[in-house]
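This report describes a protein chain in terms of its overall content, its cavities, its nonpolar cores and selected local features. The sequence and structure are shown first.

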Amino acid sequence: MPAHDTRLPLSRRGFLLASTGAAAALALAPAPAHAGARRPFGRFGSPAARLTPQTLYVDPKGRGDHTTVKNAVTAATGSGWTLVLAPGTYRETVAVDVTRTEATWIGASEDPRDVVIVYDNAAGTPKPGGGTYGTTGSATTTVQADGFTARWITFANDWLRADHPDITGTQAVAIKVQGDRSAFHHCRFLGHQDTLYADSTALTSFARQYFSHCYAEGDVDFVFGRATAVYENCHFRTLNRTDLAGAPYGFVFAPSTAGANPRGYLVTRSRVSSEAPDAFYKLARPWVPSSDTTARPSLVVRDTWLGPGIDAAAPYTNMSDAFPWQNQRFAEYRDTGPGARITVPENRPQLTAEQAESATRAAYLGDWKPWQGEC
């Protein structure tokens, strides 16, 4: 995303206290006692009792096949591998390339606070050998393969602006997801700017993604990209900022849907809460990248509770005045809460009941039904 906001952010202490359980989620505090000291892989087997020949066990304490997620991914060549991750902090960057399809990652304790994949690159972080990482390169985890599923894992980027006042590229991605049929159940996504990058591999690739019972937090454009993504029963939390004198502190969604794609982001049966003062956040703004000026960002927020942190009078704004939000595909339906009050009707486009019949997870995801089976 554009490096438009170079003002100083929260202190590191502020970040660690930014949300309930955030310190534990980043594994910077001791893991809970239930994290599985005696059975690090819970009900999912072990190297001595492997569930399937294509199951690998990862444990930073050395009780699995590998001590890092990266090494396990390297070993899992081809399609259909499952990684079971024991509780712990995995401080590393990880990439799942397009050849490693139908992969499943499982947090063994079945509590995402126990299993944390985290790193601290930002877009402006210098790379060894010259240059900087850029937004995409800042991602702690990158998933390009189709058919990826994750359960009970925290994906985080703990880079902080306050620690690097000399860096202006403050985008710091926790995860970039590009593959089709990518599903996340009971996962957490922690960061500040550009936390969750729900994208695709190409303009002509309409990657479908599904997020169920997930938690995402951040400040600037922290859920963004051009995927066709459904967020169901999710919790989005906007962070407080001590570095800014006034609103807005940031923006929850920044879709960049390709113009040819009829469906972008669908948020349903979810909630948006905030640590910031009332009305200090916008619900969304459209991202029309310089690489695709024909994009028509699409966002539907329906049956969702919007807390007082959202500016109810003007919940949308422009990222660029050349592409006003009114020309994009933003709409709401039956939202509730103080942030959903319609005080200026022209600022809150609403779906009709007939239009809402097409704004469903089934309509967005087609023949793929990731909500079926174990979630």
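## Cavities

The structure holds three cavities of 30 Å³ or more. Here a cavity is a set of points, on a 1 Å grid over the protein atoms alone, where a 1.4 Å probe fits but cannot get out; grid points are joined across faces, edges and corners, and a volume is the space filled by probe spheres set on the points. This is a predicted model, in which local features need pLDDT of at least 70 and side-chain atom pairs count only at pLDDT 80 or more, while totals for chains, interfaces and linings use all residues. Residues are numbered from 1 along each chain as its sequence is written, and side-chain values use heavy atoms, with hydrogens and water left out.

The largest cavity contains about 60 Å³ of space. Its lining, made up of residues with an atom within 4 Å of a point, consists of Val73, Ala76, Gly78, Trp81, Leu83, Val96, Arg100, Thr101, Ala103 and Trp105. Seven of these lining residues are nonpolar, two are polar and one is charged (Ala, Val, Leu, Ile, Met, Phe, Trp, Tyr, Cys and Pro count as nonpolar, Asp, Glu, Lys and Arg as charged, and the others, Gly among them, as polar).

## Overall content

The protein chain has six helices and 25 strands, taken as DSSP runs numbered from the N terminus (helices H or I, at least four residues; strands E, at least two). Of its 375 residues, 56% are buried; buried means under 20% relative accessible area, exposed over 50%, and partly exposed in between, with a 1.4 Å probe and protein chains only.

Among contacts (heavy atoms within 4.5 Å) between residues at least 6 apart in sequence, 73% join residues at least 24 apart. The chain exposes about 14400 Å², of which carbon and sulfur atoms supply 51%; the areas come from the Shrake-Rupley method with a 1.4 Å probe.

## Nonpolar cores

In soluble globular proteins, nonpolar side chains tend to be buried together. A nonpolar core is a set of buried Ala, Val, Leu, Ile, Met, Phe, Trp, Tyr and Cys residues joined through side-chain atoms within 4.5 Å. The largest such core has 67 residues, and those with the most contacts inside it are Trp105, Phe184, Tyr231 and Phe236. A second, separate core of 14 residues includes Ala183, Tyr210, Val230 and Trp371.

Leaving aside neighbours within four places in sequence, Phe184 is in contact with residues including Phe148, Phe155, Phe189, Tyr210 and Cys214.

Leu56 lies in strand S1 (residues 55-58) and is buried, at 10% relative accessible area. Beyond its neighbours within four places in sequence, its contacts include Ala76, Trp81, Thr82 and Leu83.

Thr82 belongs to strand S2 (residues 82-85) and counts as buried because its relative accessibility is 18%. The C-alpha atoms of Thr82 and Trp105 are 5.8 Å apart, although 23 residues separate the two along the chain.

## Backbone features in loops

The peptide bond from Ala247 to Pro248 is cis, with omega near -5 degrees. Pro248 sits in the loop between strand S18 (235-238) and strand S19 (250-255).

Positive phi also occurs in residues other than glycine. His186, with phi of about 55 degrees, is found in the loop between strand S11 (182-185) and strand S12 (188-190); its 27% relative accessibility makes it partly exposed. Ala279 has phi near 65 degrees and lies in the loop between strand S21 (271-274) and strand S22 (281-284). With a relative accessible area of 31%, Ala279 is partly exposed.

Conventions: 1 Å grid on protein atoms, 1.4 Å probe; cavity = no way out; pocket = protein on both sides within 12 Å on 5 of 7 lines; lining within 4 Å.
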